[in-house]
Amino acid sequence: MANDMNVVALVGRLTRDSELRYTQGGMAIARFSLAVNRRKRTADNRWEDEANFFDCAMFGKSAESVNQYLERGRQVSVIGELRQNRWEQDGQSRSKVEIIVNSLQLLASAGGGQGGRSDAQAYNQAP
């Protein structure tokens, strides 16, 4: 359908260092996981943060360029789309939803403060 839309935007912190791998055809794939907090009200009417975790993948030259900066604790902003992968394992149907990153911006460093020049860098996938 022409009216369907699949866009996601998140700001969160990496839960682990990015892993860079290459396909047999030589395409770079950087995989990482983001923790994104959301505020929720508890049963006793207090507010608390609840962490949500999202697996992300970025492809191509952008993945190679940004991989060195994607360290555990680093805050990033990502814009991308959701993709559901399906497979069969031990006779069971499995699926996983991950974020395919089209644009990534480095925000605060792993220590929580603003870093050097690389912090202002944005990485975008080629169309």
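This report describes the fold, strand pairing, salt bridges and surface of one predicted protein model.

## Basis and confidence

Residues are numbered from 1 along each chain as its sequence is written, and side-chain values use heavy atoms, with hydrogens and water left out. Because the model is predicted, local features need a pLDDT of at least 70 and side-chain atom pairs count only at pLDDT 80 or more, while totals for chains, interfaces and linings use all residues.

The pLDDT is the predictor's confidence in each residue, on a scale from 0 to 100. Its average over the protein is 89, and 89% of the residues score at least 70. Confidence is highest in strand 1 (residues 8-14), at a mean of 97, and lowest in strand 7 (residues 122-124), at 73. Over residues 115-120 the pLDDT is below 50; beyond near neighbours in sequence, this stretch has nine contacts in the model, a contact being heavy atoms within 4.5 Å.

## Overall architecture

The protein contains one helix and seven strands. Helices (H or I, at least four residues) and strands (E, at least two) are DSSP runs, numbered from the N terminus. Along the sequence their order is β-β-β-β-α-β-β-β. Of the contacts with a separation of 6 or more, 54% are between residues 24 or more positions apart.

Buried residues make up 30% of the 127 residues. Here, buried means under 20% relative accessible area, exposed over 50%, and partly exposed in between (1.4 Å probe, protein chains only). The protein exposes about 8,500 Å², of which carbon and sulfur atoms supply 45%. Accessible areas come from the Shrake-Rupley method with a 1.4 Å probe, and for residues only the protein chains shown count as cover.

## Strand pairing around strand 3

Two strands are taken to pair if DSSP finds at least two bridges between them. Strand 3 (residues 28-41) takes part in several such pairings. Strand 1 and strand 3 run antiparallel and are joined by two bridges; Arg13 has Ala35 of strand 3 as its bridge partner. Ala35 is in turn the bridge partner of Phe53 in strand 4.

Strand 2 (residues 19-22) pairs with strand 3 in the antiparallel sense over four bridges, and Glu19 is bridged to Arg31 of strand 3. The hairpin of strand 2 and strand 3 has five residues between the strands, and Gly26 takes a positive phi near 95° there.

Strand 3 and strand 4 are also antiparallel, with 13 bridges. Their hairpin has five residues between the strands, and Asn45 in the turn has a positive phi of about 65°.

Asn52, found in strand 4, is partly exposed at a relative accessible area of 25%. Not counting residues up to four places away in sequence, Asn52 touches Leu34, Ala35, Val36 and Arg38. The C-alpha atoms of Asn52 and Leu34 are separated by 8.1 Å, and these residues are 18 positions apart along the chain.

## Salt bridges

The structure holds nine salt bridges. A salt bridge is a side-chain nitrogen of Lys or Arg within 4 Å of a carboxyl oxygen of Asp or Glu.

| Glu98 | Arg31 | 2.9 Å |

Glu98 counts as buried, at 6% relative accessibility, whereas Arg31 is partly exposed, at 35%.

Salt bridges that share partners join Arg38, Lys40 and Glu50 into one network.

## Nonpolar surface patch

Met5, Val7 and Ile79 form a nonpolar patch on the surface, with about 350 Å² of accessible area together. Patches are made of residues with over 30% relative accessible area and no salt bridge; like charges are joined within 9 Å, and nonpolar side chains (Val, Leu, Ile, Met, Phe, Trp, Tyr) within 5 Å. Ile79 is found in strand 5 (residues 75-89) and is partly exposed, with a relative accessible area of 40%.
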